[in-house]
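User: I would like the labels used for this structure set against their cut-offs. Please take them one at a time.

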Amino acid sequence: MKLDNTPLRQLVKHFASGNLDREQYVRLRARLLQRLEQKGSLTQKDLEQVLEGVQDSEQPQAPPSRYSRSDWVIILLGLAAALALGVILYS
């Protein structure tokens, strides 16, 4: 394997091209170094797995589609307080 094609070198290239910010780069480099320590070598697949984890975490998560019972209680209490305040202020 050439030096230019090592997973750590490719990670540096991703960082240098602006695909990763500094925090992501440091976190990914630490993960790759842990894998290197455990396995004794790194492969292209290791880099791809680590980069896929970052891309998945960057996508915004969908908001909850349903409200729980406690959410409805809080909403109803807020509406009741607003109505009571309106009655007090405009009476």
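**Labels and their cut-offs**

Analyst: On the surface, Tyr67, Trp72, Ile75, Leu76 and Leu79 form a nonpolar patch with about 540 Å² of accessible area together. This is a predicted model, in which local features need pLDDT of at least 70 and side-chain atom pairs count only at pLDDT 80 or more, while totals for chains, interfaces and linings use all residues. Residues are numbered from 1 along each chain as its sequence is written, and side-chain values use heavy atoms, with hydrogens and water left out.

User: What makes a set of residues such as Tyr67, Trp72, Ile75, Leu76 and Leu79 a patch?

Analyst: Patches are made of residues with over 30% relative accessible area and no salt bridge; like charges are joined within 9 Å, and nonpolar side chains (Val, Leu, Ile, Met, Phe, Trp, Tyr) within 5 Å. The areas come from the Shrake-Rupley method with a 1.4 Å probe, and for residues only the protein chains shown count as cover. Ile75, one of the patch residues, has 32% relative accessibility.

User: Why is Ile75 called partly exposed?

Analyst: Buried means under 20% relative accessible area, exposed means over 50%, and partly exposed is in between (1.4 Å probe, protein chains only). Ile75 has 32%, so Ile75 counts as partly exposed. Ile75 is placed in helix 4, residues 69–90.

User: What makes a helix, and how many are in the chain?

Analyst: Helices (H or I, at least four residues) and strands (E, at least two) are DSSP runs, numbered from the N terminus. The chain has four helices and zero strands, giving the pattern α-α-α-α along the sequence.

User: How many aromatic pairs are there, and why is Phe15 with Tyr25 called stacked?

Analyst: Rings of Phe, Tyr and Trp (its six-membered ring) pair if their centres lie within 6.5 Å; planes under 30 degrees apart count as stacked, over 60 as edge-to-face and the rest as tilted. The count by this rule is two aromatic pairs. For Phe15 and Tyr25 the ring centres are 4.7 Å apart and the planes are at 20 degrees, so the pair is stacked. Phe15 lies in helix 1 (residues 7–16) and Tyr25 in helix 2 (residues 22–39), so this pair links distant parts of the chain, 10 residues apart. Phe15 is partly exposed at 32% relative accessibility, whereas Tyr25 is buried at 13%.

User: What makes Tyr67 and Trp72 an edge-to-face pair?

Analyst: The ring centres of Tyr67 and Trp72 are 5.4 Å apart and the planes are at 80 degrees, so the pair is edge-to-face. Tyr67 has 53% relative accessibility and therefore counts as exposed, while Trp72, at 45%, is partly exposed.

User: How do you know that Glu23 and Arg27 form a salt bridge?

Analyst: A salt bridge is a side-chain nitrogen of Lys or Arg within 4 Å of a carboxyl oxygen of Asp or Glu. The N to O distance for Glu23 and Arg27 is 3.9 Å, and the side chains meet in a salt bridge. Both residues lie in helix 2, four residues apart, about one turn of the helix. Glu23 is exposed at 59% relative accessibility and Arg27 partly exposed at 34%. The whole structure has three salt bridges.

User: What joins Arg35, Lys39 and Asp46 into one network?

Analyst: Asp46 meets Arg35 in a salt bridge at 3.6 Å, N to O. Asp46 lies in helix 3 (residues 44–58) and Arg35 in helix 2, so the pair ties together parts that are 11 residues apart in sequence. Lys39 and Asp46 meet in another salt bridge, at 2.9 Å. Salt bridges that share partners join Arg35, Lys39 and Asp46 into one network. Asp46 has a relative accessible area of 2% and so is buried; Arg35 is partly exposed at 24%, and Lys39 is exposed at 56%.

User: What makes up the largest nonpolar core?

Analyst: A nonpolar core is a set of buried Ala, Val, Leu, Ile, Met, Phe, Trp, Tyr and Cys residues joined through side-chain atoms within 4.5 Å. The largest has nine residues: Leu11, Leu20, Tyr25, Leu28, Leu32, Leu42, Leu47, Val50 and Leu51. Helix 2 and helix 3 each supply at least two residues of this core. Of the 91 residues of the chain, 15% count as buried.
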